[in-house]
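Subject: Structure handover

Hello,

Please find the structure below.

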Amino acid sequence: MDNILEVSGLRKRYKGFALKDVSFAVPRGTIMGLIGPNGAGKTTVVKLIMNLIRRQAGRVEVFGLDNLRHEPEVKSRIGFVYDTPCFPPDISLLRIKSALAPFYPAWNENLFRRLLEEFELPAKKKFKALSHGMKMKFALALALAHEAELVLMDEPTAGLDPVFRQELLGKLSGLIQDERKSVLFSSHITTDLEKIADHITFIHEGAVVFSSAKDEILESWGLVKAGSRDIEVSDIPGLKGYRTGAFGLEALTSDVAAARRRLGPKAVYDRASLEDIMYFISKGNGHA
Amino acid sequence: MDEALVISGLRKAYPGFLLNDVSFRLPRGYIMGLIGPNGAGKTTVIKLILNLVRREAGHITVLGRDNLKDETWIKSRLGFVHETPAFYSYLTVRQTASLVSAFYPAWDNARFRRLVQEFGLPPGKRVSRLSRGTVMKLSLALALSHGAEFLLLDEPTSGLDPVFRRELLERLSALIQDGRTSILFSTHITSDLERLADYLTFLRQGEVIFSCSREEIQDQWLLVKGGNELLEEKYRPLFRAVKSTAFGVQALTATAEQARRALAGSQVLLERPTLDEIVFFLSKEQ
Amino acid sequence: MLKLIRKELIFNRNNLLLILAIMTAFLVYFLARAETFNSPDSPAFMMFCAFYVGASLCVTLEAREDRGKTAALTCSLPCRRKTIVAARFALTWLLMTAGLIYATALAALLPFSRISLNQALNLKFILVALLILTVVFAVFLPFTIRFGVVGVIFFLVAAQLIGLIALFLVHFLKSGRAEIFSPIGSAIRGLKFLVGPQSTSGHLVLVVAAILALNAASLFIAQALYARREF
């Protein structure tokens with residue numbers, strides 16, 4: 001199974017922030033979730049893929065093609081949704097569509113109309129008359145209507161009600177039934193990712209903390225909880241972050257099975273959700 | 001004054017949308033979550049409270065005063081966060097703060113600086129260069145820095161990572177401990193509501209579907225699962241909403257005691273619904 | 001490239017219609033009253049305005065995109081940055097040509113028009129107007145790309161201030177008068193010469209060459225700038 005997107009050694013420096021050697025790959029027919037605290041670099045990665053900003057080092061290959069050398073071809077097969085949808089405010093949705101559709105050889109007008117109906121979008125209304133959620137839905141409809149092979153989304157669910165979010169996730173899952181297509185999306189609603197992502201890439205302070213299969217992560221990472229005097233932090237294998245407090249000690253480990261073997265009944269072990277992982281790595285004290 | 005917000009008979013019409021007879025109240029010192037599907041009118045209600053749009057009928061009282069007659073008085077005690085914060089994009093964080101702070105007599109600069117540090121905001125950066133989540137954080141920092149007695153937050157956690165969200169919710173919880181501050185916030189993230197809201201108001205297509213306390217929901221609301229007998233006329237007045245699924249019929253009732261009595265003896269399952277289930281149930285009904 | 005031009009036209013439809021309305025009003029008035037402008041050059045002025053609208057529009061469109069943040073959308077579409085800029089230039093020429101045809105048509109067709117088709121279609125007028133405007137947008141388009149709307153406003157304000165200062169200086173330092181104005185004076189004399197009866201087709205060929213060269217240079221610079229731009 002080949003990769004629809006390969007990012008390697010990506011580097012970008014701003015004043016006060018730097019993306020360091022970011023590398024990960026999205027296999028065909030999968031959904032990858034991109035998580036990380038605000039300002040970690042998720043949007044930067046998406047912008048680098050779309051060449052909205054210039055990279056300083058590294059490679060981005062989409063569909064096996066370099067994203068700069070084959071820019072138009074690559075982009076004609078990517079459906080994008082950014083966290084703030086920007087379309088000209090005084091134009092109706094249908095007109096906007098008529099301006100953009102010709103850029104995509106695989107544009108499917110029937111699909112677009114169906115999506116408009118499904119998303120309950122008022123086709124003749126001006127873009128500025130839409131609520132934020134509806135603007136996102138419109139961006140989505142455009143991105144999906146040209147049968148994109150890679151759907152690239154930055155925070156697509158921000159501002160969407162839970163019912164529509166559920167439908168969107170369902171739609172994305174359905175999309176990748178076609179083994180050639182993939183989805184890469186960054187989201188702060190980690191519970192959504194836990195539901196549908198196949199892979200997760202966690203970016204923190206400009207670097208990739210991990211990029212692996214979601215099931216693997218949720219199985220091997222875990223929380224170790226104990227009274228403060230029962231165990232030593234340094235005893236915990238694969239320690240990634242910990243907190244101490246009135247409740248005792250709570251630690252995140254990337255190998256909960258090893259922790260269980262080493263510490264046995266001295267501690268309690270629990271599944272770590274993606275949110276827990278983010279929390280301990282961002283806010284927890286040191287690593288072993 | 002024991003109510004932070006009183007809205008009665010609010011009405012506003014747009015082409016193709018009508019906010020109709022919206023009424024609810026929020027007692028002082030509590031948090032209310034405003035929920036509902038996209039386009040239900042949540043942002044419209046918030047804009048009406050702030051007098052950003054003109055209402056056609058109804059009354060709004062904030063902190064005991066009429067929101068039109070005492071607009072300035074109210075707004076100097078009101079902190080707000082818009083769904084898409086609008087700042088001058090070429091001003092820096094610091095400059096924005098000095099612009100905004102001039103309007104608030106109770107501006108607490110030390111507090112603002114502390115928040116800037118805790119939220120990780122770069123004071124010298126232009127707003128146009130900030131990520132969306134960071135702009136949200138700026139908006140929050142401004143709203144929290146002038147001792148506001150009433151916080152009006154439209155999707156304040158949109159675009160914020162779960163770590164920051166968790167801390168923000170803790171911070172908001174702590175704020176209302178003094179019994180003086182009240183918060184009305186709209187959100188789509190039900191897990192935030194679970195952690196935070198004392199009261200809930202559900203809007204759909206411009207109408208209030210329900211407005212009550214979490215306790216009331218816990219005590220009085222039930223999810224009824226059974227067969228087609230639930231569709232019968234005699235049960236109609238009991239249920240807020242009824243759905244047929246592949247597995248049978250589900251119904252939501254807000255009168256647990258009555259439902260229990262009426263359904264005693266039938267083959268039904270009675271469960272306490274989660275917020276998620278309530279939202280899902282009520283969002284789609286026509 | 002055509003798709004890009006079409007997109008610009010669709011996205012800016014309202015803007016364009018408004019400008020068309022204003023331009024029509026102006027041209028109608030001008031054509032009706034042209035005889036009172038006591039100068040054989042007045043058709044040139046009309047041409048200049050017709051072109052000016054087209055030229056300034058392209059800068060306006062670029063500025064609008066910058067302000068409205070739809071630039072991220074344009075740069076996410078399947079086309080190269082170079083093509084986007086080339087399309088802008090093409091659109092500018094398209095609008096200028098349309099302006100010319102429109103003004104000429106009005107001059108020829110309006111019954112009360114005081115300018116005849118022959119007077120309007122004076123090659124020298126057209127070429128010189130094109131030259132002036134090419135200089136204008138050749139500078140402004142790359143400038144707007146690099147510095148955005150805010151930059152353009154800064155520039156215009158700064159230019160006016162500099163002009164004011166220059167006038168004051170000249171007024172107070174009477175001796176400086178000739179020096180400061182002489183480049184401007186020679187430029188104006190040069191243009192008047194080109195437009196007048198003494199210029200030959202040789203001169204006009206040079207004008208055309210200058211126009212082409214300026215466009216090429218501007219296009220090149222604008223493309224380089226746009227390729228570097230980050231959104």
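A definition comes before the findings: angles under 35 degrees count as roughly parallel, over 145 as roughly antiparallel, 65 to 115 as roughly perpendicular, and the rest as oblique. Such angles run from 0 to 180 degrees between N-to-C directions, and the axes are lines fitted to C-alpha atoms, for helices over the stretch in contact. Helices (H or I, at least four residues) and strands (E, at least two) are DSSP runs, numbered from the N terminus.

This is a predicted model, in which local features need pLDDT of at least 70 and side-chain atom pairs count only at pLDDT 80 or more, while totals for chains, interfaces and linings use all residues. Residues are numbered from 1 along each chain as its sequence is written, and chains are lettered from A and ligands numbered from 1 in the order in which they are written.

Where chains A and B meet

Helix H10 (residues 274-283) of chain A and helix H6 (residues 162-175) of chain B have axes that come within 8 Å and cross at roughly 85°. H10(A) and H6(B) are therefore roughly perpendicular to each other. On the H10(A) side the residues are Glu275(A), Met278(A), Tyr279(A), Ser282(A) and Lys283(A), and they meet Pro162(B), Val163(B) and Arg166(B) in H6(B). Two residues are in contact if their C-beta atoms, placed from the backbone, lie within 7 Å. By class, this helix contact has four nonpolar, one polar and three charged residues. Here Ala, Val, Leu, Ile, Met, Phe, Trp, Tyr, Cys and Pro count as nonpolar, Asp, Glu, Lys and Arg as charged, and the others, Gly among them, as polar.

The contact between the chains takes 29 residues from chain A and 30 residues from chain B. On the side of chain A that touches chain B, at least two residues each come from H5, helix H6 (162-175), H7 and H10 of chain A. H10(A) gives the largest share of that side, five residues. That side divides into eleven nonpolar, 13 polar and five charged residues.

The strands of chain B

Six strands of chain B form an open sheet with mixed pairing, in the order E6-E7-E8-E3-E9-E10. Two strands pair if DSSP finds at least two bridges between them. The edge strands, each pairing on one side only, are strand E6 (78-81) and strand E10 (207-213) of chain B. From one strand to the next the twist averages 10°.

Within this sheet, strand E3 (residues 31-35) and strand E8 (residues 182-186) of chain B pair in the parallel sense over four bridges. Leu34(B) has Ser186(B) in E8(B) as its bridge partner. Helix H1 (residues 42-49) of chain B packs on the sheet and touches E3, strand E7 (150-154), E8 and strand E9 (199-204) of chain B; its direction makes about 145° with that of E7(B). Helix H5 (residues 132-143) of chain B lies across E6 and E7 of chain B and runs at about 175° to E6(B).

Strand E1 (residues 3-14) and strand E2 (residues 17-27) of chain B run antiparallel and are joined by eight bridges. They form a hairpin with two residues between them, and Gly16(B) in the turn has a positive phi of about 85°. E1(B) also pairs in the antiparallel sense with strand E4 (residues 57-62) of chain B, over five bridges. In E4(B), Val62(B) is the bridge partner of Leu5(B).

Buried residues and cores

A residue is buried if 20 or more other C-beta atoms lie within 10 Å of its own, exposed if 12 or fewer, and partly exposed in between; C-beta atoms are placed from the backbone. Leu193(A), in helix H7 (residues 190-196) of chain A, counts as buried because it has 24 C-beta neighbours inside 10 Å. Apart from neighbours within four places in sequence, Leu193(A) is in contact with Gly33(A), Ile35(A), Ser187(A), Ile200(A) and Leu274(A).

A nonpolar core is a set of buried Ala, Val, Leu, Ile, Met, Phe, Trp, Tyr and Cys residues joined through C-beta atoms within 7 Å. Of the 159 residues in the largest nonpolar core, Leu150(A), Leu152(A), Leu184(A), Ala141(B) and Leu152(B) touch the most other members. Helix H5 (residues 132-145) of chain A supplies the largest share of this core, nine residues.

Regards
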